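Here are a few notes to read alongside the model. Have a look at one helix pair and a few salt bridges with me.

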Amino acid sequence: MKLFRAALLATALALPLGSVAAIAATPADALVVAQNIDDIVALDPAQAYEFTSGEINTNVYDRLVGYEAEDTTVLAPGLATEWVADDAAKTITFTLRDAKFASGNPVRPEDVVFSFTRVVKLNLTPAFILTQLGWTPENIADMVTIDGNKVIVKYEGDFSSAFVLNVLASRPASIVDEVLVMANETAGDMGNAWLNTHSAGSGPFVMTDFRPAEIVRLTANENYFRGAPAMKQILIRHVAEAATQQLLLSSGDVDIAKNLTPDQISGLSTDTIKVETYPQAAVHFLSFNQKDEALTPPAVWEAARYLVDYDGMTQSFLKGQMEKHQAFWPKGFPGSYDETPFSLDVEKAKQILADAGVATPINVTLDVINAAPFTDMAQSLQATFAEAGINFEILPGTGAQVITKYRERTHQAMLLYWGPDFMDPHSNAKAFAYNSDNSDDNYTATTTWRNAWAVPDALNKEVTAALAESDQAKRDELYVDLQKQVQASSPIVIMFQAALTIAMANNVEGYVNGATSDFVYYRLVTKN
């Protein structure tokens, strides 16, 4: 603890923010955040696919359109001041505003074309979000074109322009500074390596320091088109232990603590600290890799649904952090299915396994992020599943380690979470109910592929049909039906929907935390 406090003091002293009289007083124009950030694998918006990465990207990059801090539920102009959609021609024409990158370079239509092109050509983890518009390395030059200060976006596929706008509001559609990025290109990587430790955006902040599992420093962008934010620096420190976060917040060493447990929240002094709760779009699930024959019987999937102590967890250590939710699209959004038919019933689970002739015990490794509340959830699952003869060996790891293993399909069971890539139910439907090619060399950023679940053709076709449906009411009905099917029978047991409770100093105002990590905004923050 002394070493951490010394490091924090050294960092504070290094900030060009005036003198710091005591470690317990963070600078007036800097926000210091304690947060577990070890999930970061990449920060280049063409590669970034983790929760914390999304938060950083949102604060350093702009998109043509987006859900902004002032209202995270409304699609608003970004670098585009206006747009005109032609559903028949499958085009959207965007008019660019007069804006500058943090570097001072002007934001040009050429930067938009470059940004989309590099995502498609690099073809890294989140590229599928853009390539689903029919974009390929071969045709991207024809699909995104320039006409004066306008960018014309073409798309292919049976979906409406509303869906395309949601895609273009997503993380990989962030606009980067072509001149700056290409000046830092290495071996034809289009600046990928450099952008994983630097930023090249036009957003309210610039990433001026990143040390993995240690610190992210954001500095105010004086060129930001909405005006520079009040906070000159945002200092996000990696603090994995919730107890340490609590101590740092209580002593005034940080302004915000993001990963406190319910008990720690209840023990905070309300004289100097306030608590805010933000509904989240993330769903938490337990999944079984179908490469392991012991985990392929549908009876194992069904039994598992009755071996989760949903109420026990949400009424104790998950209280205020999660609510019971058993479908892939989060509650509170159009097209959600909110029925929760499963509850803990060990005897029923045993009977399901026995009736199917499934021999027990079944010994399974369970990968989990080594932080609260995930380790507590894993221990609860370990206890209840053992009663039915399914024995979990818990394998804790950092967020990056667990996620990397998941992407490699080398786990047996996995305790993890999923947030939509963009706010449309197709984002989660594709993740939880679609997998038309289960081969190892067909890497797909979905839970279905990562668990090697070869989704039935009928389910795949229904996902495609829901995407193409132009009648919104009918579209919602299709997504409800998909959720019912996945809820009833799949190797993915959806358990909870997240609710994020964040504690902060009473003098912090204007912090915005929307339903996903892509909707975390620091630009309106002030300290009174």
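1. Let's start with a helix contact: Ala299, Val300, Glu302 and Ala303 of H11 touch Ala349, Ile352 and Leu353 of H13 (contact means heavy atoms within 4.5 Å; helices are DSSP runs of H or I, at least four residues, and strands runs of E, at least two, numbered from the N terminus). Sorted by type, the residues of this contact are six nonpolar, no polar and one charged (Ala, Val, Leu, Ile, Met, Phe, Trp, Tyr, Cys and Pro count as nonpolar, Asp, Glu, Lys and Arg as charged, the others, Gly among them, as polar).

2. A word on the source: this is a predicted model, where local features need pLDDT of at least 70 and side-chain atom pairs pLDDT 80 or more, while totals for chains, interfaces and linings use all residues. Residues are numbered from 1 along each chain as its sequence is written, and side-chain values use heavy atoms, without hydrogens and water.

3. Which residues of H13 (346-355) are buried? They are Val346, Ala349, Ile352 and Leu353 (buried is under 20% relative accessible area, exposed over 50%, partly exposed in between, with a 1.4 Å probe and protein chains only). On the face turned away sit the exposed Glu347, Ala354 and Asp355.

4. Now the salt bridges (a side-chain nitrogen of Lys or Arg within 4 Å of a carboxyl oxygen of Asp or Glu): the count is 22. Arg409 and Asp440 form one, 2.4 Å from N to O. Arg409 is buried at 4% relative accessible area, whereas Asp440 is exposed at 52%.

5. Finally, Glu68, Glu70, Arg226 and Arg523 join in a salt-bridge network.
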